[in-house]
Amino acid sequence: MKTMVKIVLCLALLPVLLLAACEDKPTAAMVKLKTESELRQIAEEECPPCSFVRMERKLNENIC
């Protein structure tokens, strides 16, 4: 009997937990793109043999 109650509680709570985990799409205010100087510093620190060639700026991304 106790196992049946646990199963019913789990089935009842599962949709609530799944819906509570949903969030809205990230907005532009929630995202901060790194600047060229920040990206150069990361490249120098994490991959010294690499060289920073160019940066292409777009609306939603910076490509280096």
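## A walk through a predicted α-α-β-β model

Starting at the N terminus, the elements of the protein follow the order α-α-β-β, that is, two helices and two strands. Helices here are DSSP runs of H or I with at least four residues, strands are runs of E with at least two, and both are numbered from the N terminus. The model is predicted, with local features needing pLDDT of at least 70 and side-chain atom pairs counting only at pLDDT 80 or more, while totals for chains, interfaces and linings use all residues. Residues are numbered from 1 along each chain as its sequence is written, and side-chain values use heavy atoms, leaving out hydrogens and water.

Let us begin with the surface. The protein exposes about 6,300 Å², of which carbon and sulfur atoms supply 64%; accessible areas come from the Shrake-Rupley method with a 1.4 Å probe, and for residues only the protein chains shown count as cover. Of the 64 residues in the protein, 3% are buried. Buried means under 20% relative accessible area, exposed over 50%, and partly exposed in between (1.4 Å probe, protein chains only).

Now look at the loop between α1 (2-20) and α2 (36-46), where you will find Leu 33. Leu 33 has a relative accessible area of 37%, so this residue is partly exposed.

Ile 42 counts as partly exposed because its relative accessibility is 30%. Beyond its neighbours within four places in sequence, Ile 42 is in contact with Lys 34 and Cys 47, contact meaning heavy atoms within 4.5 Å.
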